[in-house]
Amino acid sequence: MDDRGGGGSFVAVRRVAPRLEQRSVYHSSSSAEVVAGSAAWLGRGLSCVCAQGSNGDTRLSFDLTPAQEECLLRLQSRIDVAYDSSIPQHQEALRDLWKLAFPEEELHGIVSEQWKEMGWQGKDPSTDFRGGGFISLENLLFFAKNFPKSFRDLLRKQVGDRSVWEYPFAVAGVNITFMLIQMLGLEAVNESAFDLLYCIAFKLMDQQWLSMRASYMEFNTVMKSTRRQLEREIMVEDITGIEDMPSYSLLSQ
């Protein structure tokens, strides 16, 4: 979606390469000897060498240990898996998300108008996963299990003086996964760090939303501001791990 909101629809998650939309099986890169991307780190103990490109942009590269390479390949495999509503495990993961979000409300079906309560665009959440793939559902589950208070606060819009036209929670979550995949160039070296960074990004996005007094039509502007803030924090020299990021303090369990 563009800065004007594209008429209010979250279409950015659908503008993806065929690799993310069409693959439903695990696939990993054949080479991970050197990783280059916009992030300097995604875990402690990562040594990196920065080189200034001829066009003025900074490219960051780092050599991977065998353990880091294994984590990278696992993460790349996760990113390549599309959500498939015909797979029982995918359906079960979606039901688990509902239970974590609304433990006192029974879900009537994998396709149900109830999903709109969570911020999906329609009664079938599978139509909203194409941009982020199955990992976007895994990210939401990780957030709900590890930081339930922050998850509930965002889901129920319980913090701050909020706009009448709010962003839809679940679709925002898919957008954040998609943003991180683009931002990091799929080059994370710590599998769990990606999930943790997702939680930070979601909380930071909501903070930006409130500070900008944004409404639904300004969601893309908020996402861009969130990305800039994440990039600034990641590139601070004194920050050597996710726990050192200023935005990490936004999370509560």
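How many salt bridges does the structure hold? The structure holds 9 salt bridges, each defined as a side-chain nitrogen of Lys or Arg within 4 Å of a carboxyl oxygen of Asp or Glu. The model is predicted, so local features need pLDDT of at least 70 and side-chain atom pairs count only at pLDDT 80 or more, while totals for chains, interfaces and linings use all residues. Residues are numbered from 1 along each chain as its sequence is written, and side-chain values use heavy atoms, with hydrogens and water left out.

The protein chain contains 8 helices and 3 strands. These elements are DSSP runs numbered from the N terminus, with helices (H or I) of at least four residues and strands (E) of at least two. Along the sequence, the pattern reads α-β-β-β-α-α-α-α-α-α-α. Of the 253 residues in the protein chain, 51% are buried. Buried means under 20% relative accessible area, exposed means over 50%, and partly exposed lies in between (1.4 Å probe, protein chains only).

Helix packing comes next. Two packed helices are described by the angle between their axes and the distance between the axes. Axes are lines fitted to C-alpha atoms, for helices over the stretch in contact, and angles run from 0 to 180 degrees between N-to-C directions. Helix H3 (residues 88-101) packs with helix H4 (residues 134-146) at an angle of about 30°. The axes of H3 and H4 are 10 Å apart. Their crossing is left-handed, a label for a near helix turned anticlockwise from the far one by less than a right angle; clockwise would be right-handed. H3 contributes His 90, Ala 93, Leu 94, Asp 96, Leu 97 and Leu 100 to the contact. H4 contributes Phe 134, Leu 137, Leu 140, Leu 141, Ala 144 and Lys 145. The residues of this contact divide into 9 nonpolar, 1 polar and 2 charged. In this scheme Ala, Val, Leu, Ile, Met, Phe, Trp, Tyr, Cys and Pro count as nonpolar, Asp, Glu, Lys and Arg as charged, and the others, Gly among them, as polar.

H4 also packs with H5, at an angle of about 115° and with the axes 5 Å apart. On the H4 side, the contact is made by Leu 140, Phe 143, Ala 144, Lys 145 and Asn 146. On the H5 side, Pro 148, Ser 150, Phe 151 and Leu 154 take part. The residues of the H4 contact with H5 divide into 6 nonpolar, 2 polar and 1 charged. Asn 146, placed in helix H4, is partly exposed at a relative accessible area of 32%. The C-alpha atoms of Asn 146 and Gln 253 are separated by 6.5 Å. Along the chain, these two residues are 107 residues apart.

Asp 153 pairs with Lys 149, the closest N and O atoms being 3.0 Å apart. Both residues lie in helix H5, 4 residues apart, so about one helical turn separates them. Asp 153 is buried at 11% relative accessibility, whereas Lys 149 is partly exposed at 38%. Glu 166 bridges to Arg 162, with the closest N and O atoms 3.1 Å apart. Glu 166 is buried at 18%. Arg 162 is buried at 17%. Arg 227 and Glu 231 form a further salt bridge, the closest N and O atoms being 3.1 Å apart. Arg 227 and Glu 231 both lie in helix H8, 4 residues apart, about one turn of the helix. Arg 227 is partly exposed at 27%, and Glu 231 is partly exposed at 28%. A network of salt bridges links Arg 78, Glu 138 and Asp 195.

Most residues other than glycine have a negative phi. Lys 157 has a positive phi, near 55°. Lys 157 lies in the loop between helix H5 (148-155) and helix H6 (169-184). Arg 213 also has a positive phi, of about 50°, although it is not a glycine. Arg 213 sits in the loop between helix H7 (191-211) and helix H8 (219-235). Arg 213 counts as exposed, at 63% relative accessibility.

Terms used
Contact = heavy atoms within 4.5 Å.
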